[in-house]
Structure formats: structure tokens, C-alpha cells
Amino acid sequence: MGMFSGNSKDEPLHYGEVFSIWTNLAANYGMIAGYQTFYNHAGDKDLKKIIEDFIQCAKEEAKQLEEILKTNGIALPPAPPERPDARPEDIPPGAKFNDPEISAALSLDAAAGLVACSQAMGMSIREDIGLMYGQFHTAKAQLGAKLLRLNKNKGWLVPPPLHVDHPEK
């Protein structure tokens, strides 16, 4: 029986796992603040609901990541303060994110999050860490699907050039 044959939570983290967890937590802290700011700028009620879902997802992830780092004696990254609520009409038009811009930024974050979760899953040797990132991946994929549907319904989706003409051979 070796070091890696018991409960995976009792196994040591390797440096790649530590780096993934720490940077994921730092990114989540920043995204929570950013999404709170987006919420203040958003006008569309459906978009505001999805932003709330993104904030909740990031906060749930942060709790799990914080617990792992604390349990392993690793200092947490700094976190920005919570953003206060603001009324969209109080934000000057030239300084305001518009709804399609917010939705595009959320879409980018969802896609990047899927890649980061896949990378963390692939490098993990602790089963609990790999499974945790698998859960994060699934949650991000579901949020991304909801956001894609919203983008299509609102006319905010900007597709790449579409291949619709098939030349005769």
C-alpha cells in the first residue's frame, strides 16, 4: 500500500493542483466583483437573472476551493470587496456596459472556465479534486447553455462567418 491508496482527501496535493486551486479561487474572487458590477449595469431582467446565477456559481466554487486551501495550510489569495448595488440609470451612458457587451463577457468567461476545469481535471491525481472540477465543469456548461439560448433569443449572438453556400464540385 502506497501513499495514494487510501482516502484521496488524505493524500497530499501536488504543486499543479495547488496552483490550479489557488488561481481558480483568485479568478473567482475577481469574477464575483465583476459580475456584481455587470449586474448594476444590466437592464434586461433575463440577463440579470443569469448574472445572479454566475455569481452564485462562483461563490459556491469559492467556498469549496477556500476549504481545500485552508485544510492544506495554504494562504488564500486576496479578494476585492463586495460591490454595492447601484441603479443602472445612475450610471452615465458613456461609462455603462450595455447588455450585449455583458452577455459577451459572460460567454467568454464560461468558455474559458470550461477549458480551465478540463485542464485541472486532467492534471489532478487526487480523485476528489478531479471530481470537484468535473462538477464545476458541468455547472459552467449548463450556465453557458442558458446564456447561449438568451443570446439567441435577444439577438445578441454575433456568430463567426457561417458556411452556408456549398459550391458545386
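**Figure 1. Overall fold of the predicted model.** The protein contains four helices and zero strands, where helices (H or I, at least four residues) and strands (E, at least two) are DSSP runs numbered from the N terminus. Read along the sequence, the pattern is α-α-α-α. This is a predicted model in which local features need pLDDT of at least 70 and side-chain atom pairs count only at pLDDT 80 or more, while totals for chains, interfaces and linings use all residues. Residues are numbered from 1 along each chain as its sequence is written, and side-chain values use heavy atoms, with hydrogens and water left out. The C-alpha trace spans about 60 × 60 × 20 Å along its principal axes. The radius of gyration of the protein is 19 Å, whereas a compact globule of 169 residues would have one near 15 Å; the radius is taken over C-alpha atoms, and the globule rule is 2.2 Å times the number of residues to the power 0.38. Of the 169 residues, 36% are buried, buried meaning under 20% relative accessible area, exposed over 50%, and partly exposed in between (1.4 Å probe, protein chains only).

Figure 2. Helix α2 covers residues 45-71, 27 residues in all, and reaches 39 Å from its first C-alpha to its last, close to the 39 Å expected at 1.5 Å a residue; the expected span is 1.5 Å times one less than the number of residues. Just after α2, glycine 73 adopts a positive phi of about 70°.

**Figure 3. Glutamate 61 within α2.** Glutamate 61 belongs to helix α2 and counts as buried because its relative accessibility is 2%. Apart from neighbours within four places in sequence, glutamate 61 is in contact (heavy atoms within 4.5 Å) with Asn24, Asn28, Phe136 and Lys140.

Figure 4. The whole structure has zero disulfides, a disulfide being a pair of cysteine sulfur atoms within 2.5 Å. The closest cysteine sulfur to that of cysteine 57 is in cysteine 117, 8.5 Å away, and is therefore too far for a bond. Cysteine 57 is buried at 12% relative accessibility, and cysteine 117 is buried with a relative accessible area of 2%.

**Figure 5. Helix α3 and its cover.** Helix α3 (residues 99-123) has 25 residues and extends 36 Å from its first C-alpha to its last, close to the 36 Å expected at 1.5 Å a residue. The buried residues of α3 are Asp99, Ile102, Ser103, Leu106, Ala110, Gly113, Cys117 and Ala120. The cover over these buried residues includes α1 (15-41), α2 and α4 (127-154).

**Figure 6. Surroundings of histidine 41.** Histidine 41 is found in helix α1 and is buried, with a relative accessible area of 9%. Leaving aside neighbours within four places in sequence, histidine 41 touches Pro88, Ile91, Ala95, Lys96, Phe97, Asp99 and Ile102. A polar atom of the histidine 41 side chain lies 3.0 Å from the backbone nitrogen of phenylalanine 97. Histidine 41 and glutamine 135 are 94 residues apart in sequence and 30 Å apart in space, C-alpha to C-alpha.

Key:
A polar contact is a pair of N or O atoms within 3.5 Å; within protein, one must be able to donate a hydrogen and the other to accept it, and residues adjacent in sequence count only if both atoms are side-chain atoms.
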